[in-house]
Amino acid sequence: MRVLLALIALALAAPLAAQDSLPPAPYAYQQLEDPELEAQATELMHTLRCLKCQSQSIADSDAPMAGDMRHQVRTRIAAGEDPEDIRAWLIQRYGDYVSYQPRVTAATWPLFAIPLALLVIVFFILRGRFARRSKGAGE
Amino acid sequence: MKGLRYFLWGLVALAAGLFGLFAYQLTQPKDEFVESAMIGQPIPAFDLRPALESQPGLSSADLADGQPKLVNIFASWCVPCRAEAPQLETLRDSGAEIVGIAIRDRPEDVAAFLQVYGNPFTRVGADDISEVQLSLGSSGVPETFVVDGNGVITYQHIGDIRPEHVPGILARLREAGA
Amino acid sequence: MIAEFGLVALWLAAALAGLQLVAGFFGMREGGEQVAALARPAALVQALLCGLSFLALIYLFATTDLSVKLVAANSHSAKPMIFKLAGTWGNHEGSMLLWITVMALAGGLIAALERRLPERTMLATLGAQGFLALGFYAFILFTSNPFERLPLPPVEGNGLNPLLQDIGQAFHPPNLYVGYVGLSVAFSFVVGALLTRQVTPEFARVMRPWVLGAWVFLTIGITAGSYWAYYELGWGGWWFWDPVENAALMPWLAATALLHSVSVLAARDALRAWTVMLGVVAFSMSMVGTFLVRSGILTSVHAFAVDPERGSFILMLLALYIGGALVLFATRAGTVAEGERFSILSREGALVVNNVALSAILGIVLLGTLYPLLTEAFDVRVSVGPPYFNPVAAIFFLPMLVVLAIGPLLRWRGDSFARIRIPVIILAAIAVVTLLAVWLLADIDLLPLLGLALAAMVAVGSVLPLRGRSLRRLPIAVWGMVIAHLGVAVALFGMAADTAFQQERLVAASVGDVIEDGPWQVELRSVKPVAGPNWTAIEADLGLTYKGAPAGEAKPQARSFWSPPTETSEVALVTRWNGQLYAALGNQAEDGRWQLRLWWKPFVTWIWYGGLLIALGGVLSIIGRVSGDLRRRVAARKIADRKADEEALAAGAGA
C-alpha cells in the first residue's frame, strides 16, 4: 500500500521536478577507464567553479551544467589534453572566476605577496622578541 | 614599545580599509552574472544538428555570412525564456535576424515550446551537452549574443530580455552591422 | 498581548543596557561611587527582562500566533513541536534575539558572580558590555523587530520547508551564537582592562573560562557544520573553504590563539599585548563573520537573511566597536608593558610561535575570503578556493604542528635542549619513519604525506607530558591540554588519510551488478520507491561485502519533497572503525541503469572524532580551571577569616 502510494505520488511529483529533459552527458557521472587520467580529471574538476551554483566546484554539484563541464574535462583529458590547458581554455571563456586556483596576474599578485610578507613579518617578530631576550640574559 | 604602537596603528588602518571596502560593496548592486570573456573574439567553430525538423541547424560558418545576428541561448524547460519570447518577436519584427541554440532539449519539447510562445528563429541548433554554450562562455539560459557579419561576438545580454532592453540590443546590432 | 509584552521587555532591557553603560563608565571615575552601585543591578535586571522577551517569542512560536509577522512567515501549525520551538531562532530576527539574550545572560552572570577584579576594572568591563549590548538592542529594535504584528493574520503559516526541519540545523546556530557571545564577554574584559590599565594575570584568569567556553562551542559548531555538509551535499566533501565556513573558522583561529595567550598571561604574566590584541581580533572576527553572512556581499551555499540595510547597521556597529577598541589599544600601547621575560626555548616561546602561526593563518583565510570582494570593486572577478588555501595555510600550519608536539614538554621561562633531547629525537624519528614508510608504500601528494607524518608526531608528542607523572594526581586542566592536542592529531590523520586514500567509483549499475570500491564489494540488489510523511523517494538496496565477508547493507535514497517541491540526495553511510563507505543514488539513465556514487573514505570519521576530542579537552580545561579558582577562593576566605579572628582576639586582649 505504502509502495503504491509512493508510486502515485512520484508520478504526480515528476513534472514539478522536471528541470531539463535530457539525460546527463556521457562523462558527467562516469569515470574514465584509465585511473591515472581519471585522477588527473578529478583533481582538475575539484578546482573549477560551478557557474550555476554558489561556491561549489563542478566535482561537488548536481547541476546539469556542472555535469556538462565534467564531461568536457573528462573527454578532453581522455583525448590527451593537459589539465592546465583545459583550465586555460575555460578561463579564456569565463575569466578567472571559473578557476578556484588563482593565477599570478596584475589583479591577483597581492594574494601571493601578502603571505610572503607575513612570513617575513613572522620572522622579524620572533627574532625581535628573542634576540633581545638572549642579549638581556647575557648581561 | 614603539614597534607595538606602529603595529597597532597599522591594524587600525587595515580595519578602516576593510570597513571601507565593506561599505562600498554594500552600496553596489549585487549581480550574480558571470560575463563571457569572449566578447570581441571570433565565435569558436561548432556545428550543431537541427533542434527542429522544420528548420536547419546552426554552425559557426552560418554566423560569418556577412549579416549581423542575434544568437539566443534558450531551452524549453527554462521559465524566463517564456517571459522573453514577446521581446524576441519584437526584435525580429524590427529586422533582427535571430538564431537559436537550444540547451539540453528534446526536439518534441523545442517544437512544442516554439509552437506556444512563437518562433522568432531562422535556424535552431541543438546543444545537448552544453558544449557550444561552454565554448561561448555562457553560463545560463536565457542569454543573447550579438555577432557581427564576420562572426565576431560584440555583445552579451545575460538573463531574459525585458521590453526596456530592446532598443539597446537593436542599437548594438546596428553597430555590429556598420 | 504576549507579543507586546515581549517588545516592552526588550525596550526596557535596552534602556537598562544604557543605564549599565552610564553606570559602568561614570562609576569608574573618581566620585562616581553612587552611580557605580547601579551597574551590577542594571546587568541583572537586563538579563531577566531580555530572557522574558525571548520566552515570549518562544511562546508565540509554540502557540503559532499567526498575527505575528515572524511566526506567520516562518512557522506552520502542522509542524512538530520541537521544530516550532527551534523555529524561534531559525530566522534572522529570532536568531538576533537569541544572540542578545545569551549576551544579557552572560552579562548578568558576570555582574552576579565576578568579584576577583578591582572594582574599577569590573565597572569598566560592565560598561563596555552595556555598550555592546546597546548596539545589538538598537539593531533588533530598529531593523529587525521580531514582535511585529500583521494587520490581517493569515489562515496558515508559511514555514513548512522540510529541509529546515533537521535537528542538526535546529541546534547549530544557537551553538555558534554562544561561542560568539563568549568572545564578546572576553572583548568586554579586554576593554575594561585597557581602560583601567589593569592587564594583569588576575584579568587573564577571570577571562579564561569565557574564552575556553566560547572556543568549545565554536569547535563543536565547526565540527558539526563540517559533518552536516559532508552528509547533506552528497559528494563526500567535508571542507570547501566556502566563505561561510571561513567566517566560522576565523573566530575559531583567533580564539585558539587567544586561549593559549591567556594561559601564558595567567601563569606567567607575559604576552600581555598579544592577549589584548587577540581578544579584540577574536570578537572582530565573529562580527565580521556575522556581517559577511547576513549582508549577502559574498556568495555562498549557506547564505541566508540577506538584507543590505541590516548589513549597513552591522557594519556601523563593527566600525564603532572594533575601530574604537583598536584605537583605544593603540593609544594605551605604552601601558601594556611587555611583562615577564623568557627565552625562546621555553613554554612561552613555543606559545608565541603558536600565536604567530595562528594569526598568520587567520590573515591568510581573511585575505583569501575577502580578496574576490576587493577585485570586484575594480570589476575583476576571481575565485579563491582550496588550491590556494590548502598550500598557503600549510606553510604556517605544518611548522606550528612541530612546535605543538614539542612545546608542552618545555618548562616555563627557559629550558635547556639537553633536558628534552631524548623526547625530541623520538618525535623526530617518528615523523621521519612515518614519512618514509608512507612515501615508499603509497604514491600520494605532498600535503597529505606531511599531514600523516605530523599527525603521528603530534599524537605521540601530545601524550608525552604524561610521562613520569602520577596520572591520578595530574591536574584536570593538563588532561584537557593532552586530550585537545591528541584531538588535533586524530583530526589531522583523518583529513590526510581521506585525502590520500579515498577511492571513488561513479557507475551506472543495473540490478544485480556488483561494484568494487577499495576493500568493498557492493551489489545493487534492488531499486524501489518508498514513502515518508512528506516525501517520496527512490531507494537502492545495496548488499555489502567487506574484504570477502558480508557487511550488512546500505540504502541511499533520492528523495522528492512535495511542499515546496525539492529534491535531495539522502546518502547512506556505513561506518567502520577505519573509515566510512559513502553511497549516493543518482538518476536513472535512459537504458534503465542507475547512477551510483560510491566512496570508500578511510579514517574520514576521525576528522570529527578529533574535533570532538578537541572540544572535550576544552571542557576538561574549564572544569579544571574553574574548580581550581573555587578552591583558591575558599582557601583565601579561610585565611581572611583566621586573620579576622586573630585580629579580634588581639583586639580583645588589648581591651
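Guide: Let us begin with a definition: helices (H or I, at least four residues) and strands (E, at least two) are DSSP runs, numbered from the N terminus. The model is a predicted one, in which local features need pLDDT of at least 70 and side-chain atom pairs count only at pLDDT 80 or more, while totals for chains, interfaces and linings use all residues. Residues are numbered from 1 along each chain as its sequence is written, chains are lettered from A and ligands numbered from 1 in the order in which they are written, and side-chain values use heavy atoms, with hydrogens and water left out.

Visitor: What pattern does chain B follow along the sequence?

Guide: Chain B reads α-β-β-β-α-β-α-β-α-β-β-α, with 5 helices and 7 strands.

Visitor: How is the spread of chain B to be read?

Guide: One compares the radius of gyration, taken over C-alpha atoms, with the globule rule, which is 2.2 Å times the number of residues to the power 0.38. For the 178 residues of chain B the rule gives 16 Å, but the radius of gyration is 22 Å, well over that value, so chain B is more spread out than a compact globule. Along the principal axes, its C-alpha atoms fill a box of roughly 80 × 35 × 30 Å.

Visitor: What share of chain B is buried?

Guide: A residue is buried under 20% relative accessible area, exposed over 50%, and partly exposed in between (1.4 Å probe, protein chains only). In chain B, buried residues make up 53% of the 178.

Visitor: Which residues touch the most other members of the largest nonpolar core?

Guide: In soluble globular proteins, nonpolar side chains tend to be buried together. A nonpolar core is a set of buried Ala, Val, Leu, Ile, Met, Phe, Trp, Tyr and Cys residues joined through side-chain atoms within 4.5 Å. The largest one here has 166 residues, and B:F22, C:Y137 and C:F189 touch the most other members. Helix α12 (residues 347-376) of chain C gives the most to this core, with 15 residues. A second, separate core has 42 residues, including B:M38 and B:V132.

Visitor: With which residues is C:Y137 in contact, leaving aside its neighbours within four places in sequence?

Guide: Contact means heavy atoms within 4.5 Å. On that basis, the partners of C:Y137 include C:L10, C:Q46, C:C50 and C:I100.

Visitor: What is the strand order of the open sheet in chain C?

Guide: Strands of a sheet pair through backbone hydrogen bonds, either parallel or antiparallel. Two strands pair if DSSP finds at least two bridges between them. The open sheet has 4 strands in the order β1-β10-β9-β8 (chain C), with antiparallel pairing. Its edge strands, β1 (503-509) and β8 (572-576) of chain C, each pair on one side only. From one strand to the next, the twist averages 15 degrees. Strands β9 (residues 579-588) and β10 (residues 594-602) of chain C are joined by 8 bridges, and C:Q580 has C:K601 in β10(C) as its bridge partner.

Visitor: Which strands does helix α8 of chain C lie across?

Guide: Axes are lines fitted to C-alpha atoms, for helices over the stretch in contact, and angles run from 0 to 180 degrees between N-to-C directions. Helix α8 (residues 201-233) of chain C lies across β8, β9 and β10 of chain C, at about 40 degrees to β9(C). Helix α16 (residues 476-501) of chain C also packs on the sheet, touching β1 and β10 of chain C, and makes about 135 degrees with β10(C).

Visitor: Why is strand β6 of chain C said to be largely enclosed?

Guide: Strand β6 (residues 557-561) of chain C has 4 of its 5 residues buried, so it is largely enclosed by the rest of the structure. It pairs in the antiparallel sense over 5 bridges with strand β4 (residues 535-546) of chain C, where C:T536 stands opposite C:S560 in β6(C). Strand β7 (residues 566-570) of chain C also pairs with β6(C) in the antiparallel sense over 5 bridges.

Visitor: Where do backbone angles call for attention?

Guide: Most residues other than glycine have a negative phi, and most peptide bonds are trans. C:R413 is not a glycine, yet has a positive phi of about 70 degrees; this residue lies in the loop between α13 (386-406) and α14 (417-441) of chain C. C:R413 counts as exposed because its relative accessibility is 52%. In chain B, a cis peptide bond joins B:V141 and B:P142, with omega about -10 degrees.
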